[in-house]
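Here is a short note for a colleague who is new to this structure. Please keep the model open while reading the points.

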Amino acid sequence: MASSLRRSPFTSCTPSSSEADDDGVRGTCEDASLCKRFAVSIGYWDDPYIQHLVRLSKERKAPEINRGYFARVHGISQLIKAFLQKTGCHCQIINLGAGMDTTFWILKDQGLLPTKYFEVDFPVIVTRKLHSIKFKPLLSKPILELHSEDTLPLDGHVLDSDRLAIIGADLRNLAELEEKLKKCNMRAQLPTLLIAECVLVYMSPEQSASLVSWAASTFRTAMFINYEQVNMGDRFGQIMIENLRRRQCDLAGVETCKSLESQKERLLSNGWETAAAVNMMQLYSGLPRTEVSRIESLEFLDEMELLEQLMQHYCLCWATKGGAELGLKEITFRQGSS
């Protein structure tokens with residue numbers, strides 16, 4: 001079955017090691033955005049904002065890819081909401097490699113915005129997103145409603161409003177990253193949630209370790225969510241790697257994606273106190289049965305084995321530091337049968 005693997009699906013926007021590699025990685029941002037847009041268009045989850053940032057692909061995405069993205073979005077959303085509930089929203093969120101993510105707008109609609117929400121990505125991706133925000137009232141109005149001035153505070157590759165900052169920066173340059181975040185009023189003393197979706201895998205192990213360590217040392221109370229590949233040493237994983245290499249996108253950090261244990265160890269060896277991880281098939285199997293029945297009724301899937309293989313090669317890992325009084329260590333997935 002591994003030989004029938006379609007193009008590796010669940011990728012996102014991230015940094016790599018040369019300009020050519022960076023272009024390939026930016027291409028995965030486009031792929032991930034198109035996949036999310038398509039899944040939303042056929043009813044996997046509700047997102048009224050993504051259509052204003054991402055075009056609808058003419059190419060129909062495979063059912064196993066759509067279900068994979070559903071599990072990804074559901075899992076990350078559950079962890080974000082758990083963190084917000086533990087902190088009473090008195091916190092900040094930093095989305096690393098955010099791409100065309102719409103979490104800020106969705107959290108605002110749900111009354112769950114943190115004190116401030118930060119997004120970071122390549123300047124060229126940020127420029128594109130800021131252009132959409134500037135000319136799409138559905139995107140700009142919610143930002144202005146929470147801002148103390150009447151105009152969007154746009155300056156080059158940066159939007160810095162009272163509750164949302166979008167910053168163009170290279171995650172491999174930690175001095176630049178920290179400087180730009182501080183200019184946008186990042187507060188190290190606030191409980192902080194950092195999110196990385198298919199980001200670390202495009203950095204060398206040394207670069208990703210530095211980023212993870214910087215996060216642990218900068219914030220006294222924090223949580224880190226990492227979504228990316230796992231079990232990449234088997235034949236199926238090798239085909240995924242080869243598919244991406246053919247598109248000039250190298251998984252520079254793939255050696256850290258050997259297992260759930262190696263994923264946790266990266267966090268634990270770089271300043272984080274607790275770490276947990278599940279592969280996406282484990283997560284999918286724990287979803288409420290009513291929700292699984294709903295999404296499985298949306299389109300027919302004739303290759304359940306392929307879905308299982310794909311999901312066994314992606315994982316969600318989360319780590320915490322400090323926050324004992326908030327109960328951050330208690331955060332986990334709710335298994336549901338309803």
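At what angle do helix α4 and helix α5 pack, and how far apart are their axes? Point 1 takes this up.

1. This is a predicted model. Helix α4 covers residues 123–135 and helix α5 covers residues 137–145. They pack at about 85 degrees, with axes 5 Å apart. Angles of 65 to 115 degrees count as roughly perpendicular, so α4 is roughly perpendicular to α5.

2. Look next at the residues in that contact. From α4 come Ser132, Ile133 and Phe135; from α5 come Pro137, Leu139, Ser140 and Ile143. By class, five are nonpolar, two are polar and none is charged.

3. Helix α2 spans residues 63–87. At 1.5 Å a residue, its 25 residues should span 36 Å, and its end C-alpha atoms are 36 Å apart, so the two values agree. Of these 25 residues, 19 are buried, so α2 is largely enclosed by the rest of the structure. Just after α2 comes Gly88, with a positive phi of about 60 degrees.

4. Now the sheet. It is open, mixed in pairing and built from nine strands, in the order β3-β4-β5-β2-β1-β6-β7-β9-β8. The edges are β3 (154–155) and β8 (274–279). Each has a single partner strand, so one side of each lacks a neighbour in the sheet.

5. Which strand pairs with β8, and in what sense? Strand β9 (residues 314–321) does, antiparallel, over six bridges. Thr274 is opposite Thr320 in β9.

6. Helix α9 (residues 260–268) lies across β7 (222–229), β8 and β9. It runs at about 155 degrees to β8.

Note on methods: Residues are numbered from 1 along each chain as its sequence is written. This is a predicted model: local features need pLDDT of at least 70, side-chain atom pairs count only at pLDDT 80 or more; totals for chains, interfaces and linings use all residues. Side-chain values use heavy atoms; hydrogens and water are left out. Helices (H or I, at least four residues) and strands (E, at least two) are DSSP runs, numbered from the N terminus. The expected span of a helix is 1.5 Å times one less than its number of residues. Buried means under 20% relative accessible area, exposed over 50%, partly exposed in between (1.4 Å probe, protein chains only). Axes are lines fitted to C-alpha atoms, for helices over the stretch in contact, and angles run from 0 to 180 degrees between N-to-C directions. Angles under 35 degrees count as roughly parallel, over 145 as roughly antiparallel, 65 to 115 as roughly perpendicular and the rest as oblique. Contact means heavy atoms within 4.5 Å. Ala, Val, Leu, Ile, Met, Phe, Trp, Tyr, Cys and Pro count as nonpolar, Asp, Glu, Lys and Arg as charged, and the others, Gly among them, as polar. Two strands pair if DSSP finds at least two bridges between them.
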